[in-house]
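Here is a friendly tour of one protein structure, meant for someone who is just starting out. Have a look at the picture and the sequence, and then read on.

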Amino acid sequence: MAYNLLKGKKGIIFGALDDKSLAWRTAIRCHEEGAQLVLSNAPVALRMGEINKLAEATNAPVIGADVTNMDDLKKLFEESMKHFGGGIDFILHSVGMSLNMRKGKHYTELYYTWSQKTLDISAMSLHRVLRTAWDLDALNEGASVVALTYIAAQRAFPNYNEMADAKAMLESITRSFGYYYGMKKKVRINTVSQSPTRTTAGSGVKGFDGFITYAEKMSPLGNATADECAGYCTTLFSDLTKMVTMQNLFHDGGFSFTGVSDGVIEQMEK
Ligand SMILES: NC(=O)c1ccc[n+]([C@@H]2O[C@H](COP(=O)([O-])OP(=O)(O)OC[C@H]3O[C@@H](n4cnc5c(N)ncnc54)[C@H](O)[C@@H]3O)[C@@H](O)[C@H]2O)c1
């Protein structure tokens, strides 16, 4: 059911790779709620061609940008403003990549050149996006920016690797830039800390199926799905959440505040 929550709003969605992506589901939901969109992803991801289906479904242009490249980001924002005929009301940052994880390097033996790249793609990129918007004065008064994160920023999760450090940095940038952009233009910046979800990035984590099953058993409401994540992000882009900023918002069925659940105890007693 749609509520027209984003009627007249214009947003950029980063990171839709395929129909499992959190960004893909969010783009569909934002479109249903009346938003106009621009879709962006890294040029290498665009070559897969999948995103063209989403572009058609949401009637949105696709503009490539590597989030670690300031020239790409400038071009993306300039072209988006041209397309919209004005400023931008919301941004979804749904971008992550761990090079050490990908290449099987253990956390205790990180290859720092890869770690730097991970931090740039997965965390510093939020600063790059916000700074580009700031320099071009691309965001409208009261605009909303959401970046997706994971609870490994606060708790140790084996095999989440240097991505945990990247998420901690992402959440810190959210607070720091949230202060300045709030003061300047009442722009809100938050992270949504999502349950483990089967996507391309998620499935890269070693033992991910076990992770998902454990989180499902631990959470009073169960794991939040990609579509539920999309719904939550949509509320954060809407005018109903104008005073929420600089927060890390858990969207995890209660996992983050559960010590232990009956389901997990039963499993241990078997
Ligand atoms: N899946 C999960 O369990 C889960 C849980 C919590 C948070 N998240 C976060 O959600 C976000 C989206 O991930 P997802 O699970 O939908 O997986 P996904 O693989 O579908 O999305 C990751 C996206 O990042 C993009 N990307 C990578 N490098 C890039 C670059 N240099 N420039 C531009 N884009 C680049 C990829 O092309 C891809 O579209 C990530 O930040 C991820 O850490 C995922």
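Does L130 count as buried or exposed? L130 has 26 C-beta neighbours inside 10 Å, and because 20 or more is the mark for a buried residue, L130 counts as buried. Keep in mind as you read that this is a predicted model.

- The model has an open sheet of 6 strands, which pair in the parallel sense and follow the order 2-1-3-4-5-6.
- Strand 2 and strand 6 are at the edges with a single partner strand each, so one side of each has no neighbour in the sheet.
- From one strand to the next, the twist averages 20°.
- Helix 1 packs on this sheet and touches strand 1, strand 2, strand 3, strand 4 and strand 5.
- The direction of helix 1 makes about 165° with that of strand 1.

**Strand 4 and its partners**

- Strand 4 covers residues 139–149, and 8 of its 11 residues are buried, so the rest of the structure largely encloses this strand.
- Strand 3 (residues 88–93) pairs with strand 4 in the parallel sense over 5 bridges.
- If you look for T149, you will find S193 of strand 5 opposite it.

- N248 lies in strand 6 and counts as buried, with 20 C-beta neighbours inside 10 Å.
- Which residues does N248 contact, leaving aside its neighbours within four places in sequence? They are T149, E171, T191 and S193.
- N248 and S193 are 55 residues apart along the chain, while their C-alpha atoms are separated by 6.7 Å.
- L130, the residue from the opening question, has its place in helix 6 (residues 112–136).
- Leaving aside neighbours within four places in sequence, L130 is in contact with V145, F177 and Y181.
- The C-alpha atoms of L130 and T174 are separated by 9.7 Å, and these two residues are 44 places apart along the chain.

**Helix 3 and its two faces**

- Helix 3 spans residues 51–58, and I51, L54 and T58 are buried in it.
- Why do these residues lie on the same side of helix 3? They cover an arc of only 55° around the axis, which puts them on the same side.
- As a general rule, an α-helix has 3.6 residues a turn, so residues three or four places apart point the same way.
- N52 and E56 are exposed, and they sit on the face of helix 3 that is turned away from its buried side.
- The buried residues of helix 3 are covered by elements that include helix 1 (22–32), strand 2 (36–40) and helix 2 (43–46).
- Just after helix 3 comes N59, which takes a positive phi of about 55°.

**Around the ligand**

- There are 26 residues around the ligand, and those that come nearest are S21, G96, T199, A201 and G202.
- Helix 1, strand 4 and helix 8 (200–203) are the elements that give two or more residues to this shell.
- Which element gives the most to the shell around the ligand? Helix 8 does, with 3 residues.
- Sorted by kind, the shell holds 13 nonpolar, 12 polar and 1 charged residues.

**Positive phi in two loops**

- K186 is a residue other than glycine with a positive phi, near 55°.
- To find K186, look in the loop between helix 7 (163–185) and strand 5 (188–194).
- K186 counts as partly exposed, because it has 15 C-beta neighbours inside 10 Å.
- M246 is also a residue other than glycine with a positive phi, near 65°.
- The loop that holds M246 is between helix 10 (226–237) and strand 6 (248–251).
- With 17 other C-beta atoms within 10 Å, M246 is partly exposed.

Definitions and conventions
Residues numbered from 1 in each chain as written. Predicted model: local features only at pLDDT ≥ 70, side-chain atom pairs only at ≥ 80, totals over all residues. Buried ≥ 20, exposed ≤ 12 C-beta atoms within 10 Å, placed from the backbone. Helix = DSSP H or I, 4+ residues; strand = E, 2+ residues; numbered from the N terminus. Arc of directions from axis to C-beta. Contact = placed C-beta atoms within 7 Å. Near = placed C-beta within 6 Å. Nonpolar A, V, L, I, M, F, W, Y, C, P; charged D, E, K, R; others polar. Pairing = 2+ DSSP bridges. Axes fitted to C-alpha atoms, helices over the stretch in contact; angles between N-to-C directions.
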